[in-house]
Amino acid sequence: MAKYGMLIDAGRCTGCGACRIACQMQWQLPPEIAYNRLEHREKGTYPKVKWEITPVQCQHCDNPPCLHVCPTGATYKRSDGIVLIDHKKCIGCKYCMVACPYGARTLDHEKMVPEKCRFCADYVVQGQQPPCVSTCMNEVRVFGDLEDPNSKINKLLATGSVYQLLPERGTQPRIYYVKR
Amino acid sequence: MPKFSRRTFLKMAAATGAIGSMPVYLNRNKFLEAAEEASIEKVPTLCNGCSNMCGMFVHVKNGRVWKAEGHPIHLKSRGRLCARGHGTVADIYNPHRVTQPMKRVGEDRFEPITWEQAYQEIGQKLMKIVDEHGGNSVVWMEHGTRGKQYADILLDYIGSPNYITHYATCFTSKTNVWPKMVGTTLYGDHENADYMLFVGRNFAGGIIPNGMNKVLKAKERGAKLVVVDPRHCELAIQADEWIPIRPGTDLAFFLALAHVLITEKLYDVQFVRQYVSGFDEFWQANKNCTPEWAEKITSVPADKIREIAREMAAKAPRAFLETGYHGLNAHYQNSVQQAQANVVINALLGNMFKVGGLLPAASLELGQLDKPVPPAKEKGPRVDGAGEEGPYATVEPGRGIPQLVPKLVDEGKVKAVFIYHYNPLRTGPDPEYQKKMKDAELVVSIPIDWNETSYHTAHYILPESFFLERMETPVNVNGHITHLSPQIAYRAKVVEPVHDTRSLLEIMQGLAKEIGASKYFDFTVEEEAEAMVAPLGITMEELRQAGCLEFPATVKTGFPMSALGKPSLATPSGKVEFSVGVYKANGFSGVPRWIAPKVMPEKDNEFRLIHGKQPWHSHHITSNNPYLMAISETYNGTWAWMNSQRAKQLGIKNGDKVTIASDLAQKQVQVKVTELLHPDCIWIPSAYGGFSPKAEVAYGVGVNYNDFLPMQVEPIAGSVMGQEVIVTVRKGVN
Amino acid sequence: MDSAVTWKRVSLLMMLLGAVGAGAILLFGEDVLGTTDGVPWGSLIATYLFFAAASVGLTLMASLWYVFGVEAFKPLTKRALYLAIISVLMGFGAIGLELGRPLNMFWLIFSPNFSSAIWWMGTLYAVYLGFRILCVYCIYKNDERKVLTFSRITVVAGLLAVSNLGSVFGNAQARPFWQGAAMPIYFIIVALLTGAAILIITFAMLEKAKPLGSGNGEALLPLLGRLLLYFVVAFGFFKFWYLSNSIYGVNPGTYEGAKVLLSGPLSLQFWVMEVGLAIMVPLFLLARPNSYTNGKLLWAALISLAGVFFAHQNFVLAGQLAPLQVIPGDTLMYQQYQAMPAEWSIIIGGIGALIYFSLWVEQKYFRSTAAA
């Protein structure tokens, strides 16, 4: 069984927003709903300053806080590690939004379901890449199977120095970031 | 002529597959299988999010456009698209498109009319104007190049020389200088360079996806990237170093670089001796341009200038000064000299026609459909004076001076204006001045959406079909990035028009019928396309299936030499000419010399107003796109940037509303207080300030630099000098 | 009964306003609320907390006689019971409006997630309400023994339900400001404070309405006043120590939450509406039990109730307004939240309903029994 994961080399990101809108097109979302976002930071003072951009999205935690708090089990984790939402069970309490330490959820105002990145579940099982990965000119993201020793992501994880977001929260994210 | 066969195509597809992963749809059978399963049609075409025309596959589900992805072979996209590409595709269903021909019936009122009525009325008015005032009272304005093939027929038929593009607001200095100094245009070979110096060029803002990819590939290899820009632009994120420079002084920086290269004997002496003319004249004119001199002007430390020059020289010829784009080339009084200095630096590095340095574009000669041409008519001088005897003799007539058109209308010299795929009211200086265009006897706009020019000036609006709804003729894929092999691609029709809109050729045919020019437009775009690709040994069917085809390499490295062993550039000497004879003949300096910017900020509350492309907008043309504007909304994209020290002095905090004022306008905007900007300037993205009430997404959002910018013409290349404007800033909105 | 008629009219108007707000929320959903992706829980959650805690508080006050046998409080028990039921129903109304897809609630039964504090909240409050209604039924049937049994069960259920609210917030992984073992206790304190205040208002109004009203208020009111004083002191104690720990402990998340209240975007609402109305003014009015008058007690109760509502709102928002520190850095701006008219209308409508139905019960049951 595959365990899907992602490696984000945030240092390569130049903030063009292609990942956001490619995802919106993939899932036919309205303009104001986005499943990924960019965090902008300025470090230092003029003229010695760095502009750091970090893409953030659902981390597909192995220990997902949103899943633990969901009263009806609408949020669930597949055996391949992808955390998804069963719309028909969701009561719209937004507990998952409050609980997620990554702020990864966004409320779909029409369906009233707190939505998030789906790791393109239906597509990756067919061997396709999520469009946020494939459209990126800077190749910021790498998506793949963490169980497959030959996958590109595993090779990169083995060689590079990586970190996870908020590891102290014990969420065990499946998204890794390359250290700047 | 390189011959193309199915076999070479397959070989090339295999080669591409070896480099990257070969997508399933390159193999047509596999692709058809996949498409069948998903009942999704993937149509290759060319993007219209900016003017780079990236290759893309558009996915169509049940007759509806679903999404796009980059074409894996196409040089510009290489399987990747930027935000504009994705957003533009979604725009086909934008509710603010012009859905059928419109006729103005009042200040802000239009009434829908039939195409036939539109053709009739426009045709009659046009012929009356031509009869009474002559052909050169008619101008055709457009963004550039794509309508030219049809506009030219019309202009030839009525006897008008006035084809005008938007380039005066873009890279007109560069295109003026390079043919005169180098005889061609060269582009950086980013992928193979060891040192890249980008000055005023934001590769991550004005995006060619594969261009950015090449830069990062070079960086992975260990290449050095240095970005000199008043603003820490997005590209600077990837740079080894960002060096802020006082805006408008890039020329001084270049002259000092040249000074170090020459005084320290770091330049490629052999290259200069063999392939450069006018070196001494350049040196005599710029002997005093030391790094210390430049430091005072540019605020870049002299030692830093020396360091850059030395490092570049050490890496030459795999080192170049990026040849630039919009940034710097239409912005200042010294833009032309700046473009000249760019050529000088690169020539001193001896990097021209070398791998890792600068290379020419790969292209193929396309065929032409044999069709009747209108009988030759005596055309008067160009009404904007571009290339004519007079003040604008050195301006390229092929580009024109669009910012003069409202004035020419006002003076009664222009009576009819056709505006195709162009929005000078928003993208040209001083919108109130631009509005004078509406006083012409006939103003016809051919847009997609309700842009400002259509809404405020057009008498007739003839909506063109969206780029996904029309076919265009094949083009060479090249420019701004390098590739040894030429590529041919074309814009295919992906879906039927959603509204009652037509392609430009259809519009021209309709109009031609009314003015008796039918027989010059008696062809289809398919016939044209077939004739164009015929010499390449391919058919349109092959191109239709592949979307983009690559041919054996045509670019050769090494300086072009004649059979006699002499340098053979298309310049008078065959060499790179540091001194431009035509400039000299018209009373300008032949070699670049220091010219100060026209205006400078002086007081505590004065700033130079500079602008730039936001990575998700193509200046203003994408500003009515709900998806792209949602990105602006999320990231406070409309805010004006201000250096934190200056903000502190003025008591301005992040997010505060301020009033920006020039002699022309006074506007309110929120401020991003930042460390990422030179203290001398305010930076605003070029995307905002929509003022067409029918383009509701853009309307009233943000401000535009053109609001503050007076109409001006740079004398050599005719640019608008888009950053020669000083504004005052104060906290508050009253 | 002129004042009763006036109050009925006023409360009907308040309910009408609430109904309009509720209609707007049902029709336009999230668009008429101030909540955002950054602040998913807003004023409706605070309204829910207010009524849910009030209900348990009233039950706890009633238990002083039923469970603990304190004779002095016997007269307030029946009134506390019906007020508790009305309150919890109002609370359910508020959270029902807050839920985006309330019709899917049946999945709480068919697909329960036992690790979810909201699942427990629904279950415990349902059990609590069930037994509370059973109690009332048994009182009506005059089955004194069953009333006692069910009352004891209800107190346990109520205590679990209200302390579980601390868990609902405390289990939100992302919000350290809401976490910690003290939170369930805090909700019990707030519940008691709210319950006491509502009872003071009820009996003070009944005293005013004499001779028609009958509540034995003369004896009860000073007692309740003293209780309210203790609860206000406990509430103040809690806030003080909790916030001082949060600030000086400098734990990520708790520190930012405390800053939101003390000097951030909620500082005005904290210092004036919460510290001022819920603590300082009631303390001032209640400090000397010898000086109690009905009017003074009524004001103290009213003002502290208003303060408690803002305390709930501050509590809900303080956990969310400081942005999540996903990526460390200093360019942080607070999340924006502004309660919208629809949200205000629900709290107003809820209070209106509480008044209206109280009057209705008073007139239908208590006045008739008193007359008889």
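Analyst: Happy to. Let's begin inside chain B, where 14 residues of domain 1 are in contact with twelve residues of domain 2. On the domain 1 side of that contact, the residues sort into five nonpolar, six polar and three charged. Please keep in mind throughout that this is a predicted model.

The domain assignment builds domain 1 of chain B from three stretches, 1–113, 465–501 and 533–554. Domain 2 of chain B covers 172–359, and domain 3 of chain B covers 606–731.

Now step back to the whole chain. Chain B contains 24 helices and 27 strands. Its C-alpha atoms fill a box of roughly 70 × 70 × 55 Å along the principal axes. A compact globule of 734 residues would have a radius of gyration near 27 Å, and chain B has 25 Å, so the two agree.

One feature of chain B to look for is a barrel. Six strands close into it in the order 22-26-23-25-24-27, with mixed pairing. From one strand to the next, the twist averages 45°.

Next, the neighbours. Chain B brings 34 residues into contact with 28 residues of chain A. On the chain B side, the elements that give two or more residues are strand 3 (64–70), helix 3 (83–90), helix 7 (209–221) and helix 23 (626–634). By class, that side of chain B has 19 nonpolar, ten polar and five charged residues. With chain C the story is another one: chain B and chain C do not touch, and their nearest C-alpha atoms are 10 Å apart.

That leaves chain A, the partner that chain B does touch. Chain A has an open sheet of four strands in the order 8-1-10-9, again with mixed pairing. Strand 8 (141–145) and strand 9 (162–163) of chain A each have a single partner strand, so one side of each is left without a neighbour in the sheet. Helix 6 (residues 152–159) of chain A packs on this sheet, touching strands 1, 8, 9 and 10 of chain A, and its direction makes about 115° with that of strand 8 of chain A. Within the sheet, strand 1 (residues 4–8) and strand 10 (residues 175–178) of chain A run parallel and are joined by three bridges. In this pairing Leu7(A) stands opposite Tyr176(A) of strand 10 of chain A.

Chain A also meets chain C, and of the two pairs of chains that touch, A and C have the most contacts. That contact takes 32 residues from chain C and 35 residues from chain A. On the chain C side, helix 4 (107–110) and helix 5 (117–140) of chain C are the elements that give two or more residues. The largest share, four residues, comes from helix 5 of chain C.

Finally, a word on confidence. The model scores ipTM 0.97 and pTM 0.93. Chain C averages a pLDDT of 91, and 96% of its residues score at least 70.

Note on methods
Residues are numbered from 1 along each chain as its sequence is written. Chains are lettered from A and ligands numbered from 1 in the order in which they are written. This is a predicted model: local features need pLDDT of at least 70, side-chain atom pairs count only at pLDDT 80 or more; totals for chains, interfaces and linings use all residues. Two residues are in contact if their C-beta atoms, placed from the backbone, lie within 7 Å. pLDDT is the predictor's confidence in each residue, from 0 to 100. Two strands pair if DSSP finds at least two bridges between them. Axes are lines fitted to C-alpha atoms, for helices over the stretch in contact, and angles run from 0 to 180 degrees between N-to-C directions. Domain bounds come from an automatic or database domain assignment. Ala, Val, Leu, Ile, Met, Phe, Trp, Tyr, Cys and Pro count as nonpolar, Asp, Glu, Lys and Arg as charged, and the others, Gly among them, as polar. The radius of gyration is taken over C-alpha atoms; the globule rule is 2.2 Å times the number of residues to the power 0.38.
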